[in-house]
Amino acid sequence: MKKIVIIAGGDSSEYAVSLRSAAGLYSFMDKSRYEVFIACLHGHAWRLAADYEAGKSFESCTWCDIDKNAFSAVLPSGEHLTFDYAYITIHGTPGENGVLQGYLDLIGLPYSCCGVLPAALTFDKYACNHYLHAFGLNIAKSVLLRAGQTISNDEVVAQIGLPCFIKSNVGGSSFGCTKVKTPEQIQPAIQTAFAEGNEVIIEQFMQGREVTCGVYETPMRSVAFPVTEVVTTNEFFDYDAKYNGQVEEITPAPLAAGITRAIQDLTLRLYDILGCKGIIRTDYILEPVNEPDDPALHIADGYRIMLLEVNTTPGMTPTSFIPQQVRAAGLDIKDVLTHIIEND
């Protein structure tokens, strides 16, 4: 029986979200095929939950230190435990930006998601979107600030306009993200975003419908899941909307067949352009236009498809987008995960 380790935790504000994804993945995996464990990484503390089971709190688990030389652990019983496969569900550093992937490559442990280069590229939202723009994708105007750099309110208004979004370039779950409507809000929003990391994006507001689409590929198949539309009464799809129920997530999205297919095809194309692996999820804004359909410009059924971001370690709680989309496709998430693990 293969031993699978789900690697969660990390060093970002998404630590708790990652643990929820780990619990979700544990519940999804086929226990008749795999012996499944959960590891939690936080700074230099790498630990294994030796006795985790579905529904058990992590606080009540028995934790064992992980030997970083081979990602192994000695259980309380004295058994020396090694693994056949790692499923990474860290949202943020070091599991979403390629650092952990480089380590796993060095020790020869297969894993579920993108390798070092695509992980590092997609984690850097500004670099990724501008890279994909070269392949014809529509993106919003944006400005990147690195630590120590400044920009005046007048420059933001002139270059980007208001309203705009100011957010971390290296974070997720909308931590540190602000929708800015007035010049007076710009500098505080920049400081809030810098609290999440050393790079900040100031991005043009895109008016339209927010949608997201998950896909995965193996040597055996390519699968695009049904599209989800995100509707919230909040200013935007912020943390409360994501995790505290202040949102309506409609799967499949109430869209015409043409725009649905265009979104799915584009997401599969991005997967190949970036060299992804495992499951990814891409977020878009559908901007209404009065222009004819044009596949080259990613316009279909009265919408221009605008790229928001690519997520290579999407949330995997039972209510996350990907499990929703898998169910809407008539598939079993257990079978999807098995197919990814067995056809890596």
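Predicted model: local features only at pLDDT ≥ 70, side-chain atom pairs only at ≥ 80, totals over all residues.
**Entry 1: aromatic rings**

I started with the rings and found that Phe37, Trp46, Phe71, Phe83 and Tyr103 form one aromatic cluster. My pairing rule takes rings of Phe, Tyr and Trp (its six-membered ring) with centres within 6.5 Å; planes under 30 degrees apart count as stacked, over 60 as edge-to-face and the rest as tilted. By this rule I get eleven aromatic pairs. I looked up Phe37 with Phe83: this pair is edge-to-face, at 5.9 Å centre to centre and 70° between the planes. Phe37 belongs to strand β2 (residues 34-42) and Phe83 to the loop between β6 (80-81) and β7 (85-88), so their pair ties together parts that are 46 residues apart in sequence. Tyr216 and Phe225 have ring centres 5.8 Å apart and planes at 35°, so I noted that pair as tilted.

Are Phe37 and Phe83 buried or exposed? Both are buried (under 20% relative accessible area, with exposed over 50% and partly exposed in between; 1.4 Å probe, protein chains only). Tyr216 and Phe225 are buried as well.

Residues are numbered from 1 along each chain as its sequence is written, and side-chain values use heavy atoms, without hydrogens and water. The chain averages a pLDDT (the predictor's confidence in each residue, from 0 to 100) of 93, and 95% of the residues score at least 70. I flagged residues 236-244, where pLDDT stays under 50.

**Entry 2: lysines over rings**

I checked for charges over rings (NZ of Lys or CZ of Arg within 6 Å of the ring centre and within 35 degrees of the ring normal). Lys31 lies over the face of Tyr26, 4.5 Å from the ring centre.

For helices (H or I, at least four residues) and strands (E, at least two) I used DSSP runs, numbered from the N terminus. Two strands pair if DSSP finds at least two bridges between them. Seven strands make an open sheet with mixed pairing, in the order β6-β5-β4-β3-β2-β1-β7. Which strands are at the edge? They are β6 and β7, each pairing on one side only. Strands β3 (residues 45-49) and β4 (residues 63-67) run antiparallel and are joined by three bridges. I also noted that Ala49 has Trp63 in β4 as its bridge partner.

Note on methods: Contact = heavy atoms within 4.5 Å.
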